[in-house]
Amino acid sequence: MSNHYDSAPSAYSYPLIIKQLLNRAKTVSTEQEIIYADKLRMTYADFFKRIAKLANVLESLNLDKGDVIAVMDWDSHRYLESYFAVPMSQYVIQTVNVRLSPDKVLYTLNHAKSKVLMVNSEFAPLVANYQFENSSIEHIIWLDDNGTSVEGVFGVNQARVLGEYESLLAAASDQFEFQDFDENTIASTFYTSGTTGDPKGVFFSHRQLVLHTLTEAASLGTLPDKQGVSLGDVYMPLTPMFHVHAWGFPFTATMMGLKQVYPGRYAPDSLLDLIKNEKVSITHCVPTILQMLLQAAQARGQKFDGLRMIIGGSRLTEGLAKAALAEDIEVYTGYGMSETAPLISLTAFSKTDPEMTEEEDISRRCMTGKPVMMVDAEIWNDSQDSLPHNGKETGELVLRAPWLTQSYFKNDDAGRELWAGGYMHTQDIAYMEADGTIKITDRLKDVIKSGGEWISSLEIETILSLHPSVDDVAVIGIRDAQWGERPLAAIVLKPGCQDTTADDIKAIAEQAVSRGMIPKYGVPSQFKFVDSLPKTSVGKHDKKVMCELYADQKGI
């Protein structure tokens, strides 16, 4: 029986699939540029044709819908084309973390059952000896910027090499009719680089990625001019495209039709040249990359002209934020994780913000921020009770949002643990203020328990980072016969500051005690000066490795 609310017979069903992100740009941005380092410049009109060409290449392989296509490349136009052509053709793109160890790279390829491998010639050694005859990979597409021949690289598997990417596209038609399909179809997968065990595969549907893209654009678009994003911006990623879709920004920038710059390998001088010559205005990265850029820019006396930079992945310390602002980088924090696609919260700025001191402004930029639109964030205690938002009570940050991964690939047990109680568990310890501002105080696994009291390693790191000689710092818990655990601070000094002593650094922690910022037992018992700190494949401090390195050593 019909009712008043039936749709019109010819009304169009509009699934939230990735091809819809191109609609505006196909109409208004055809002459806008997309640039790959110093190697290629093209327009969006070219880009749309190349997406169709890649789709035709893939269609010729007689793949099944839902088959996985793995990409191993630097941040390039090829990667951007794959972000769209692969899922729009109803395949799943696997963005391979090339910074994992070779055995872990091969594990992720094997676990995902990839049918096609698109591999940059520079990464061929990672997979050249792979036993392809025992794997799911049927076709290899060669990606190359250096004129490197693929002849003989894959030995007995050479027959699997379909050809070189540009040659394949040149021979393909630039017409392809991308179909509509169920928006809950899986679009992408990648593997988290845990410090223990094998990487776990997260996956996202078209609907999830479209909703994430819309929310990212809306959240950044409602920030004031000095922080947000607008249609005149020039975007360049400084977070690898294999890592959580480069935080979703390539989808957002393409939907908006922004000028985009893809830098390839992250070499400091070439990054600085691209930022200056292409007038890059918005980017994002982990603190390690920011430190690298600041050092390179200072060496050549280059400022950043108000470059907006969102920091995530690891804690933005007040010391690093201050250094970035001094070089004219509008730095602030975004928070998320692999399982959240990743955007959950951003530093909150408003045109009606009250006047702040420099110290207050820097502190705000380093906060985890406020949840973005459509994110339901709570702080839970061990009994899964929601704690009040009073800026005091800490518990685990748990989340709901329409783009969070629903489970792990072929790992239902871990998925159930992730979603215990109907919210996604972040394993981050946090409190929330009355205005919704979140402050991460530590990771569950990194909290230091000393004499029955909890010590936040992140809080101590923040304080020590303010010493002018400190370039990088990590605080870990080491075994102690009397107290169970005590904090050790591993410190990298800035160039020219090698005369700094442990007592110099300790003094700033003791000042924080006298001001009531940290308890006395939060002052590290040991200080260890090191040349560098171990990092994970995505640039985070690898505290598991540090604990192994420093556990039984005496501090300075």
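This is a predicted model: local features need pLDDT of at least 70, side-chain atom pairs count only at pLDDT 80 or more; totals for chains, interfaces and linings use all residues.

Me: How are α2 and α3 oriented to each other: parallel, perpendicular or oblique?
Reply: Helix α2 covers residues 44-59 and helix α3 covers residues 77-88. Their axes lie 9 Å apart, at an angle of about 60 degrees. Angles of 65 to 115 degrees would count as roughly perpendicular, and those under 35 as roughly parallel. That makes the arrangement of α2 to α3 oblique.

Me: Which classes of residue make up the contact of α2 with α3, and how many of each are there?
Reply: On the α2 side are F47, R50, I51, L54, A55 and L58, and they meet a set in α3 that includes L80, E81, F84 and V86. Sorted by class, the contact has 2 charged, 2 polar and 10 nonpolar residues.

Me: How do α7 and α9 lie relative to each other, roughly parallel or roughly perpendicular?
Reply: Helix α7 (residues 206-221) packs on helix α9 (residues 249-256) with the axes 9 Å apart and an angle of about 70 degrees. The range for roughly perpendicular runs from 65 to 115 degrees. Therefore α7 and α9 are roughly perpendicular.

Me: Which residues of α9 make that contact with α7?
Reply: From α7 come L209, T213, L214, E216, A217 and L220. Their partners in α9 are F249, F251, T252, M255 and M256.

Me: Which element gives the most residues to the largest nonpolar core?
Reply: This core has 145 residues, and M72, F84 and L290 have the most contacts inside it. With 8 residues, the element that gives the most to this core is α2.

Me: Is T368 buried or exposed?
Reply: T368 sits in the loop between α13 and β16. Its contacts beyond four places in sequence include T333, Y335, L346 and I438. Buried means under 20% relative accessible area. T368 has 7% relative accessibility, so T368 counts as buried.

Me: How far apart in space are T368 and M432?
Reply: In sequence, 64 residues separate T368 and M432. In space, from C-alpha to C-alpha, they are apart by 9.8 Å.

Definitions and conventions:
Residues are numbered from 1 along each chain as its sequence is written. Side-chain values use heavy atoms; hydrogens and water are left out. Axes are lines fitted to C-alpha atoms, for helices over the stretch in contact, and angles run from 0 to 180 degrees between N-to-C directions. Helices (H or I, at least four residues) and strands (E, at least two) are DSSP runs, numbered from the N terminus. Angles under 35 degrees count as roughly parallel, over 145 as roughly antiparallel, 65 to 115 as roughly perpendicular and the rest as oblique. Contact means heavy atoms within 4.5 Å. Ala, Val, Leu, Ile, Met, Phe, Trp, Tyr, Cys and Pro count as nonpolar, Asp, Glu, Lys and Arg as charged, and the others, Gly among them, as polar. A nonpolar core is a set of buried Ala, Val, Leu, Ile, Met, Phe, Trp, Tyr and Cys residues joined through side-chain atoms within 4.5 Å. Buried means under 20% relative accessible area, exposed over 50%, partly exposed in between (1.4 Å probe, protein chains only).
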